Amino acid sequence: MRYLPLTAADRAQMLGVIGAKSIDDLFADVPAAARSAKLFDLPLHAGEMEVERELSALAALNRPAGAGPFFCGAGAYKHHVPATVDHIIQRSEFLTSYTPYQPEIAQGTLQVLFEFQSQVAALTGLEVANASMYDGSTGCAEAVMMAQRVTRREKAILSGGLHPHYAAVTQTIAHAEGMEITRLPAAIDAEAAVLDAIDADTACVVVQTPNVFGTVTDVTKIAEAAHAAGALLIVVTTEAVSFGLLKSPGEMGADIAVAEGQSIGVGLNYGGPYVGLFACREKFVRQMPGRLCGETVDAEGQRGFVLTLSTREQHIRREKATSNICTNSGLCALAFTIHLSLLGEKGLRELAAVNHARARDLRDALAKVSGVEVLTPRFFNEFAIRVPGGAAGAVEALLADDVVAGVPFSRLDPAAGLDDVLLVCATETTTQADIAAFATALSRRVAQ
Amino acid sequence: MSMSNVGRPTRPEASASSGFASLNGGRGLLQDEALIFELDGWDKTGVDIAPAGRDASDLGDLVRSAPIGLPGLSEPEAMRHYVRLSQKNHAIDLALYPLGSCTMKHNPRLNEKMARLPGFGDLHPLTPVAASQGALELMDRLAHWLKTLTGMPAIALSPKAGAHGELCGLLAIKAAHEAKGQGHRRTVLVPTSAHGTNPATAAFVGYSVTEIAQTEDGRVDLADLKAKLSSDVAAIMVTNPNTCGLFERDILEISRLTHAAGAYFYCDGANFNAIVGRVRPGDLGVDAMHINLHKTFSTPHGGGGPGAGPVVLSEALAPYAPAPWVVAGKDGFKLVEDVTEEAAQAFGRMVAFQGQMGMFVRAYAYMLSHGSDGLRQVAEDAVLNANYIKARLSAEMTPAFPDGPCMHEALFDDSWLEGTDVATLDFAKAMIDEGFHPMTMYFPLVVHGAMLIEPTETESKQELDRFCDALLALARAAKSGNDADRFKGAPHLAPLRRLDETQAARKPKLTWKSPTNTVAPTPLAAE
């Protein structure tokens, strides 16, 4: 077996040093009833070529985003990732290292995390950011629970524009901890509806911009209302490229910003691994979940970086920790940092402008399709349309034309009664030919 | 004191241990590397983006006006910056990485290649089910392997890491209790030797935590367990093999007592590598166990993540598994995503989308490569390697539990350092100078000055001997009493000397701040 270096002679010699007769002696503590003498009913080992053949056959059954016209967004986005990013994250020293608990021999990872935190803080317009969460959805749930710790209140209000998966994750986790979660009905342009739900027991309000329907909202007034009631404002963003064009959450008064960072540096991966961005105001730093990297000096005064404020974390504080998170999304954070370093402010702004332009091209083309209505008033790179006859059927039908037409909202939230709403997205990877193919195929479908 | 180009003291005397100092403070190929924010790249970019071809926006004052403050690098600069940084890291590809409880094994590159096939890596999570059949089939097959290897009937694939899997398992337990009218149970029992994530997770879902004592031979104290089991106990969380590297000999009795008290048995599967292919947790009475794909099934640790933590479940807990899950049908594979209809008893959802597909592909490639025979050999070699280290190091160091074999990791205490000035931390830091990553230190908490060594099965005998020789030589030096600086000043030969963690925590500096207190220069307007 190619991954196992010991030879039969090694094993025999080592057993001798240990003073054991056979390998079974080393498993003597396992109760006899639980010892399995024979192999489990699974295939035997296979060579690299055979494994590659089997997995390639499975991969070939899937339709990659880059294989043709493709318009899905809704929390995960098709973007071009420079080749440099994937090369660097596959370097052994980054790929095959552990959490940087020994800072003297982990300065590579630690400095990257410091750069990551600094970039995330800048993007979100907030003072501090952590070294990553699993993804945006779990970051959202963590933010709500952090608001409970900060305000010592139990109630959270989720806007109807929040991605339904994010709402479900937050409800699942925060509810288990005893919080009362109010989720407003799904609505295309009603982030401000949370205003009516804020009261003196409210720990936080969670709004999303651009929201799951693509609607961009200035949440400044919501921030003011939340603060007046002693509540925190949590702003969620699923499309990190939008930070290159839109006002930042911090600028609009957010106390905590949560974002999915997948768009920058991380591939689609059928949903994971992704990277959760988590930033907040400095005064709340000791209530933050997750790892933090901080600057310090070594014994000779050289600047260096370490994991810090660990007394918030489970390995030190155990049941009093701010979160149970341990493993996070380090390598995806590295990919994010490299891609964003390559973009820089100039590149990110240009990239955002192109995304916004392609989405408007798409809107212009789809608006001309008879019977189709564009529902999202203000958007960045995704928006909702009404498709007569139902969105799910249209997506299925357009697959025959090799057009992946977007995400039926009913797939995310079947109970919302929005069966004719289709979420569509365009990015820098979308071509005019893709847009034309979509519009043509959709016209044909709607005319049927 | 000389200053580097970023205003840092370079302290050429830092290199004095070799008796030679460079003029710029660097050490040959190992150079100081500034932060990207200090590289003067405020108007640079390393990407070429075609013009947008339309007006900047129609969004009025929703558009940001102030600069973001992000530096950019050209491609060659970026490559150099990150490659230089990489060289300051230790890695499993460089040497044995003996972190106990972390299972730092070789990461096969075939798995990386497979995860990058466009059919997996470029697949959107909301691609129509008809156009993602291969992904669903892979998830179904992975589930089959994991259920077979654990002897458990059900699995939730979506949790994103071990602690997230613990959360999933406890939420299923909570839902099961509530369904049986047992929602009043408020306590989770956790042995004192447990990983910190266990009590943290229990508290996270609103349970109170009660510790169970440990016996002198490093196992759960059955008498204490009996005393603490009651109608208030929702679950017990036990790691097996435990964090002392020992198999819980009374595991069948533990599960029997737990079930008799109406509680569920959560097993922390972090140490599954020790028994994979040989022992099935389902045969031990486990109700829920997470599997760290980034440990036992070798998906890379990536400097702290990502991982994946699928949870296998017993019949009793299976109905409460979270959405989504894959169902194989006559017309292909289906993804059940809605927690309100077919999944009425599901406790909810752990994550957006389906979980760590990139890790599923890697772990499945790893399993196919090993097969049932190779996986059994994995456990045997992992245990053999740990016992070999325990046997060899016992010549100078004191194993915490000398009697009987250990499983996949060998635990030492610090009694052999008594009378020296050297503490566990100093000894571990001195290992860095010998070219090895320190072992896990001061964990588990039940052993004084603990040193927990997990070699894994992917080490050759030559590397194990090199490691043991180095540690034995260090141990003799520590005991000699006349080599104090080797330990107190360690590491001497790492990119940095020991770091001041107290200062970092006292006045946290978590992001780069412009030394001139002005934000970056005005950036270019978007085109």
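Trainee: How many bridges join strand 4 of chain A to strand 5 of chain A?
Mentor: Five, and the two strands run parallel. Keep in mind that this is a predicted model. Strand 5 covers residues 232–237 of chain A.

Trainee: Which residue stands opposite Val205(A) there?
Mentor: Leu233(A), in strand 5 of chain A.

Trainee: Is strand 4 of chain A mostly covered or exposed?
Mentor: Mostly covered. Seven of its seven residues, 202–208, are buried.

Trainee: Switching to chain B. What is the strand order in its open three-stranded sheet?
Mentor: The order is 10-12-11, with antiparallel pairing. Strand 10 (410–412) and strand 11 (440–441) of chain B are the edges, each pairing on one side only.

Trainee: How many bridges do strand 10 and strand 12 of chain B pair over?
Mentor: Three, in the antiparallel sense. Strand 12 of chain B is residues 451–453. Ala410(B) faces Ile453(B) across that pairing.

Trainee: What holds paired strands together in general?
Mentor: Backbone hydrogen bonds, in parallel or antiparallel pairing.

Trainee: Now helices. What span does helix 4 of chain B reach?
Mentor: It runs 26 Å from first C-alpha to last, over 18 residues, 133–150. That is close to the 26 Å expected at 1.5 Å a residue.

Trainee: Which of the residues in helix 4 of chain B are buried?
Mentor: Quite a list. Among them are Leu138(B), Met139(B), Leu142(B), Trp145(B), Leu146(B) and Leu149(B). Gly134(B) and Thr150(B) are buried too.

Trainee: How does spacing matter in a helix like that?
Mentor: An α-helix has 3.6 residues a turn, so residues three or four places apart point the same way.

Trainee: What comes just after helix 4 of chain B?
Mentor: Gly151(B), with a positive phi of about 65°.

Trainee: Last topic, the interface. How many residues of chain A are in contact with chain B?
Mentor: 173 residues of chain A, against 187 of chain B.

Trainee: Which element gives the largest share on the chain A side?
Mentor: Helix 11 of chain A, residues 330–367, with 23 residues.

Trainee: And what is the makeup of that side by class?
Mentor: On chain A, 87 nonpolar, 50 polar and 36 charged residues.

How values were computed. Residues are numbered from 1 along each chain as its sequence is written. Chains are lettered from A and ligands numbered from 1 in the order in which they are written. This is a predicted model: local features need pLDDT of at least 70, side-chain atom pairs count only at pLDDT 80 or more; totals for chains, interfaces and linings use all residues. Two strands pair if DSSP finds at least two bridges between them. Helices (H or I, at least four residues) and strands (E, at least two) are DSSP runs, numbered from the N terminus. A residue is buried if 20 or more other C-beta atoms lie within 10 Å of its own, exposed if 12 or fewer, and partly exposed in between; C-beta atoms are placed from the backbone. Two residues are in contact if their C-beta atoms, placed from the backbone, lie within 7 Å. Ala, Val, Leu, Ile, Met, Phe, Trp, Tyr, Cys and Pro count as nonpolar, Asp, Glu, Lys and Arg as charged, and the others, Gly among them, as polar. The expected span of a helix is 1.5 Å times one less than its number of residues.
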